[in-house]
Number of protein chains: 2
Amino acid sequence: MTQETPYFLILSIIFLNTVFATSNYVLDESCGLPNDLKAEIQSYQPIVNKIIKSAVSGPHKSKTYKELADFVDKFGYRISGSENLEHAIDYMLNKSISYKLDNVHGEPVMIPHWVRGHEEATLLSPRETNLSILGLGGSIATPPEGITASVLVVESFDELKNKSNEAKGKIVVFVEEWVNYGVTVKYRDYAAVEGAKVGAVATLIRSVTPFSINSPHTGWQDYSDDVPKIPTAALTVEDAYMLLRMYRRGDKIIIRLKMEAKNMPPVQSRNTISEIEGKQIKDKAVIVSGHLDSWDVGNGAMDDGGGAFISWYSLVLLKSLNIRPRRTIRTILWTGEEPGLVGAVKYSKVHNKDEFVLLMESDEGTFTPEGITFSGTKQANCIMKEILSLLSPINATKLELSNDVGSDISIWSNQGIPMASLLNKNERYFWYHHSNGDTMTVENSDDLDKCLAVWASVAYVVADLSVNLSRL
Amino acid sequence: MTQETPYFLILSIIFLNTVFATSNYVLDESCGLPNDLKAEIQSYQPIVNKIIKSAVSGPHKSKTYKELADFVDKFGYRISGSENLEHAIDYMLNKSISYKLDNVHGEPVMIPHWVRGHEEATLLSPRETNLSILGLGGSIATPPEGITASVLVVESFDELKNKSNEAKGKIVVFVEEWVNYGVTVKYRDYAAVEGAKVGAVATLIRSVTPFSINSPHTGWQDYSDDVPKIPTAALTVEDAYMLLRMYRRGDKIIIRLKMEAKNMPPVQSRNTISEIEGKQIKDKAVIVSGHLDSWDVGNGAMDDGGGAFISWYSLVLLKSLNIRPRRTIRTILWTGEEPGLVGAVKYSKVHNKDEFVLLMESDEGTFTPEGITFSGTKQANCIMKEILSLLSPINATKLELSNDVGSDISIWSNQGIPMASLLNKNERYFWYHHSNGDTMTVENSDDLDKCLAVWASVAYVVADLSVNLSRL
């Protein structure tokens, strides 16, 4: 259904092009923060030290990992539209209540419900062998007997245009080069549309990843109303390159693709909310967030279990330390992120942006933290830099400035709201992303503790400061 | 059948404990090679330069990769006992003839024929989910309805001994720590035997690998005649640790294991031989070798396509350069290596060890070469060190001395024959080993060219030297 909704389509494009994008900019070092504000920020060092100590060596050490593992092992993956996701949401609401967090509730959202079903791809010529695939989210099914067709292999959309007269009736295989996610994901997003334009009967892409152990990677994709919808799936890197070699040799390549995917009616889900209510300014909130839904492969421990749990556990930690800031800190565990930021879109329609002091989101891994990626005014940048200096005990003081921050929170891009994403050593993030490799084994307990310390410290100090981060 | 043959069992143990073992020793620097021998070795620099240039930038650049990719893409995996392996052997014999190599022929060997069949493992409690497994080579099947049993999780054989009264009727899961292959592979090798001793109905192990993207790793395993044979398979690292966490929580774990594996009668295969016949001493040969059989997952491009092809293509390269050494250079592409060095064992029975001037084998990756791992006398070590100095143009001059060299050639260990293995940057070798990730994507064309240059140069110089490498 997402692909038939222009609004979602646009948002999905924004999402796909902003995640891990690189439009960074440089801090104007002439901050000129007033001395009293500098001093005020530095006065938080003892409390930040307390947060850090509690997270990395005190009573909360290893707790984020434990809570996340309990959750992941209990529910496994939590795809948008599934009953399992709703059970997982119930679990988090109950957990939040058991930890006595404030204003615990779910906020309703209608989210897409795509069901993968059985799928298989078989290379029939020049040699019969199974190809490991994952259908792409939103894809239609093949007929029950599958689609058996000759294959055209191309390395880019441009090459397909040049060979458009060869594509009719074929399965088009895209063996695109990995550049980075922001650049390369267009092949996942638009393969089916571009293939259909030139008469392809199905499309397959090289998985959008820099590294593979024969591991296919799924992800959402968009159809266009202008061209027929055709089935579309991801091959492993290895199989994609094998097909490219065969094609270059002049081999006659035939593949049979079977997919039982179904696009079901949307279902009601919930964004999961909990708070530490501000002691003075209850209606202004620092938002700390991650998404609870995942793909239907692996266990969604990394994408976005880690991000969701450091966000949620920040409240548990602060609560246990009896720390209540001036303003509210609100954790939002988004729903329906994977099919196009659906939970965040709904939230943006129901909530006035003036509620938000700072939008924080962790959805790019919870590996060793380095600091924060931030988008804000010069004043806000300078305040954030000063706040991050408090994190020197765990060496997470880096402020990276960017115009493109977050995935769910990117909904609010260009609205002047300060936005922050967790900066971490996520070089291997896309090795696991949307694959069966997204499991607890990716997560490291000590790293999660440090990420938690960064997250809780930044959220707390911003929520408690005497001044607001200014807006554009 | 291998597991019922004590001789194979012993050899298999030797093999498993010697691959990548670390019993290295240090070169006695006081080589005292006669000056004329030093000068003679150094006089090979121009011809070694020619070999290097031809391989890395001349007419043979990228040819090893191309030949290997043609082969791998044509045949895919080539498991012991399969018709596909025999077709692959025919192909190599024909290729060798087409390149006009000398004495091209196959030498018959009876090899094991184990067939995997369908296999699946399902976690039924505490949560229903599929577990990715690969049955271990030689395993028996489960009954058709599978084995459904409670699970005992242990982290070591010692822990199993301590909990032996809890194992009866259970599926025992070994979640052993990865140390290195030589140490850790015992869990693959003996899980079923140790499990059966305490009444387990099946065993599962954490795959023997340091890294995983939910990728199970197979490999041969041995039964003992003293205890019942029980089905045995490898879990992914991720699933193994999940089961360990569940076990530690006190969850009731139930798994249903279905395996259709069959141990068929042995079939006749061949070691594949080709030579550049010596111009003076035809009956003494430097052996360059790798194995043609592979596991039935992935494509056996790394294990041992790369090693087999640099060995075989060394002859093609030397032939094309019209280089014929004093002694013979013989390429042996072993068959039946994976089920226990079966081809090499047969070869050792038919051939007198005095035929061998030097046994060379590449079966530990063909990544960037660094030099040679070598086992020999002090005189032989010193000659080899001098020969490796000729490879400084490609920075592959390192001589690593070890008492444990090779897998197939380890058959001849302790018989005084000089033995060499390709030393290369194979840190990631076990990421792919015996998994679906063993494909052409692991191989790098430039690295293969350099490995070829090392291999052809060392083989040629040793085969042509005026003196023999001395024997212990």
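Student: How much area do chain A and chain B bury between them?
Tutor: This is a predicted model, so totals for the interface use all residues. Of the area that chain A and chain B bury between them, 54% is on carbon and sulfur atoms. The total comes to about 2,300 Å².

Student: Which three residues supply more than any other three of the area that chain A buries against chain B?
Tutor: Between them, the three supply 29% of the area on the side of chain A. They are Asp73(A), Arg127(A) and Ile213(A).

Student: How many residues of chain A are in contact with chain B?
Tutor: On the side of chain B, 30 residues take part. The side of chain A that touches chain B divides into 12 nonpolar, 10 polar and 8 charged residues. The number of chain A residues in contact is 30.

Student: What is the distance between the closest N and O atoms of Asp73(A) and Arg249(B)?
Tutor: Asp73(A) is among the three residues that supply 29% of the area chain A buries against chain B. Asp73(A) also forms a salt bridge with Arg249(B). For a salt bridge the cut-off is 4 Å, and the closest N and O atoms of this pair are 2.8 Å apart.

Student: How many salt bridges does the rule find across the interface of chain A and chain B?
Tutor: Over all chains the count comes to 38 salt bridges. Across the interface there are also 10 residue pairs in polar contact, both residues being at pLDDT 80 or more. The salt bridges found across the interface number 6.

Student: Which element gives the most residues to the side of chain A that touches chain B?
Tutor: Elements that give two or more residues to this side are α4 (63-75), α9 (237-249) and α13 (429-432) of chain A. The one that gives the most supplies 7 residues. That element is α4(A).

Student: What rotation superposes chain A on chain B?
Tutor: The superposition has an RMSD of 0.0 Å, with 0.0 Å of shift along the axis. The two copies are therefore related as by a two-fold rotation axis. The rotation is 180°.

Student: Which residue of chain A comes closest to the rotation axis?
Tutor: Its C-alpha is at 3.1 Å from the axis. The residue is also one of the three that supply 29% of the area chain A buries against chain B. It is Ile213(A).

Student: Where is Pro126(B), which a cis peptide bond joins to Ser125(B)?
Tutor: For the bond between Ser125(B) and Pro126(B), omega is about 10°. Pro126(B) lies in the loop between β3 (119-125) and β4 (129-131) of chain B.

Student: Which helix of chain A holds Asp304(A)?
Tutor: The peptide bond from Asp303(A) to Asp304(A) is cis, with omega near 10°. The helix that holds Asp304(A) covers residues 301-320. It is α10 of chain A.

Terms used. Residues numbered from 1 in each chain as written. Chains lettered and ligands numbered in written order. Predicted model: local features only at pLDDT ≥ 70, side-chain atom pairs only at ≥ 80, totals over all residues. Heavy atoms only, no water. Contact = heavy atoms within 4.5 Å. Buried area = accessible area lost by both parts, 1.4 Å probe. Salt bridge = Lys/Arg side-chain N within 4 Å of Asp/Glu carboxyl O. Polar contact = N/O pair within 3.5 Å; in protein donor to acceptor, adjacent residues only side chain to side chain. Helix = DSSP H or I, 4+ residues; strand = E, 2+ residues; numbered from the N terminus. Nonpolar A, V, L, I, M, F, W, Y, C, P; charged D, E, K, R; others polar. Least-squares fit on C-alpha atoms with pLDDT ≥ 70 in both.
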